[in-house]
Amino acid sequence: MSLIQEISDKLQGGKAKEVKILVQQALDEERDPKEILNEGLLNGMMAVGARFKNNEIFVPEVLVAARAMNAGLTILEPKLTEIGNEPVGKAVIGTVQGDLHDIGKNLVIMMLKGAGFEVCDLGVDVEPDTFIDKAEEFEADIICMSALLTTTMPKMKDCIERLQERDLRDKYIVMIGGAPVNESFAKQIEADYYTPDAASAAEVARKIMEEKKAHV
Amino acid sequence: MMKRNMTKWMQDKITASVKEAMPILSFPGIQLIGHTVEELVQDGHLQAMCMDAAAKHFQTAEAFGLMDLSVEAEAFGSPVKYSENEVPTVTAALVHDMREAEMLKVPEVGAKRTGQYIRAIKEASDLITDRPVLAGMIGPYSLAGRLLDMTEIMILCYEEPELVEKVLTKATEFLISYARAFKAAGADGIVIAEPAAGLLSPAMIGEFSTPYVRKIRDAVREDSFIVLYHNCGNVIPLLDNIREIEADGYSFGNAVDMEEVLRNMPKDSLIIGNIDPAGVLRNGTPELVREEVTALLQRCHGYPNFVISSGCDIPPGTPMQNMQALMEAAEEFYRKIEC
């Protein structure tokens, strides 16, 4: 088994310590950092996403795999910065104002990172304007909002309205999700995308960036 | 007053050709008594008034106590955020390592708001006598998750299982005492809400949830006091394991296909669910509610142990006309098939 494949396999098994060691070893052997990233870490995380979507593995397995990915990234990131590696895209994500639930949001962050995105986690109870301010600061492509309470869902609409008022609506793709959220609600508030789970969110985000780059 | 034979009540429900709906209906009752959720969750008397008002308004098969999944964690010492119109939420982990897990004190029943919830059931049991009164309680894994952090616990199950087991043991010890207190207060049974376990793999639910739920069930279940299990997650891969609880009834959410659940669960236990509480009951129209209720009953009424219900606790702001639509659609369905 190649070293890169082993990184992917260990990541899928959630072996954070081993992933760290193997990524360092790959760097020491002067392997291309982009190859370590794409074929090792991101490939492993994509496989995790596919298996999660097929109900072969469950949320805890995704979490430990993501932790292993993050462990590998801490070793790799300085090298990636040195060579000027660009992420697939950038996203800000948070749970909306008044809502403290974060499991779904955390899963989406992991899957987005696994798809090659740079992600800014805004946490929970995030005000509508904060999503926009941070998106501006971070130079995001996508604003992702999560809600688990029916009473906090309207905050998603508030954020979209604030984007319009600030003349920034066309600058950002808005993606929404969460247990009480659905396609019909997304249409109603004119969000760009609703996704039912973290794996779909990452897939859609990736497609968005492919389309965006195709039109540049 | 003589205790109701709940084993017989369950059997009667299963054999009945006409079945009253069993929605998990408690919080929307605030609209009938003119109080906020924030007031309700801190006052057992108001809760009993709320349950009584809901029971007078809707001819449900049972009266459910509030499903407030912050009460037990708060009793342990977790910080909680209150909102005027939303169920309280735990805001931070209480236990971060084994040392803190070992020092974690199991609270007395009555600590913080648990006393109010016991009071609510005592008063509700006196007020509501035409149907069973079921108390709501969090499940052990879901409680441990609130104490350890809901995301972190899943990682800890892999990396520090002994830490999770230490917290689970203390959580279960408290929950058994709490369930016994509900029984002594006059409840006809409890609903153990274990939604967080719906995220686990079959192996993990078998290690970190089911055995602890089973301990609670074994400690309190008797003919006059039944145990229902609620899990609104994607439980299809977990049913083999969930069956081992041997609960009297199971409440499932709209994440699953109810017919598939019914095919795979014991025929002598009540299976209730699974109208979408948010998308349909809270945010839908009465017409949508009727459609969904009728469609579900058409698919599932052939299973004698199926009773229509909501997929989870119905949100506080759910319009009364939507609840009315649910009840009327169920009544109408059974009336038609009787003819």
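Colleague: In chain B, how many bridges join strand 5 to strand 6 (residues 226–231)?

Modeller: In this predicted model, strand 5 and strand 6 of chain B run parallel, and within that pairing Ala193(B) stands opposite His230(B) of strand 6. The number of bridges joining strand 5 to strand 6 of chain B is five.

Colleague: Which residue of strand 5 of chain B is the bridge partner of Ala135(B)?

Modeller: Strand 4 (residues 133–138) of chain B runs parallel to strand 5 of chain B, and five bridges join the two. Within strand 5 of chain B, the bridge partner of Ala135(B) is Ile190(B).

Colleague: How many of the five residues of strand 5 (residues 189–193) of chain B are buried?

Modeller: Both faces of strand 5 of chain B are covered, with Gly189(B), Val191(B) and Ala193(B) buried on one side and Ile190(B) and Ile192(B) buried on the other. The strand is therefore largely enclosed by the rest of the structure, the number of its buried residues being five of five.

Colleague: Turning to chain A, which are the edge strands of the open sheet?

Modeller: Five strands of chain A form an open sheet with parallel pairing, in the order 2-1-3-4-5. The edge strands each pair on one side only, and they are strand 2 (117–126) and strand 5 (193–194) of chain A.

Colleague: What angle does the direction of helix 5 (residues 103–114) of chain A make with that of strand 2 of chain A?

Modeller: Helix 5 of chain A packs on the sheet and touches strand 1 (89–96), strand 2 and strand 3 of chain A. Helix 6 (residues 128–138) of chain A also lies across strand 1, strand 2 and strand 3 of chain A, running at about 160 degrees to strand 1 of chain A. For helix 5 and strand 2 of chain A, the angle is about 170 degrees.

Colleague: What area is buried between chain A and chain B?

Modeller: The interface brings 20 residues of chain A into contact with 23 residues of chain B. On the chain A side, Phe58(A), Arg67(A) and Leu100(A) lose the most area to chain B, together 26% of what that side buries. Carbon and sulfur atoms give 64% of the area buried between the two chains, which is about 2000 Å².

Colleague: Which residue of chain B forms a salt bridge with Asp125(A)?

Modeller: Side chains of opposite charge can pair when their charged atoms come close. Between chain A and chain B the count is two salt bridges. In the one formed by Asp125(A), the closest N and O atoms are 3.8 Å apart, and the partner is Lys81(B).

Colleague: How far apart are the C-alpha atoms of Val90(B) and Arg146(B)?

Modeller: Val90(B) lies in strand 3 (residues 89–90) of chain B and is buried, with a relative accessible area of 16%. Leaving aside residues up to four places away in sequence, Val90(B) touches residues including Ser70(B), Pro79(B) and Arg146(B). Although Val90(B) and Arg146(B) are 56 residues apart along the chain, the separation of their C-alpha atoms is 6.7 Å.

Colleague: Why is Cys300(B) too far from Cys232(B) for a bond?

Modeller: A search of the whole structure finds zero disulfides over all chains, and for Cys50(B) the nearest cysteine sulfur, that of Cys312(B), is 16 Å away. Cys300(B) is buried, with a relative accessible area of 0%. A disulfide needs two cysteine sulfur atoms within 2.5 Å, so the sulfur of Cys300(B) is too far for a bond with its closest counterpart, in Cys232(B), the distance being 18 Å.

Key. Residues numbered from 1 in each chain as written. Chains lettered and ligands numbered in written order. Predicted model: local features only at pLDDT ≥ 70, side-chain atom pairs only at ≥ 80, totals over all residues. Heavy atoms only, no water. Buried < 20%, exposed > 50% of the residue type's maximum accessible area, 1.4 Å probe, protein only. Helix = DSSP H or I, 4+ residues; strand = E, 2+ residues; numbered from the N terminus. Pairing = 2+ DSSP bridges. Contact = heavy atoms within 4.5 Å. Axes fitted to C-alpha atoms, helices over the stretch in contact; angles between N-to-C directions. Buried area = accessible area lost by both parts, 1.4 Å probe. Salt bridge = Lys/Arg side-chain N within 4 Å of Asp/Glu carboxyl O.
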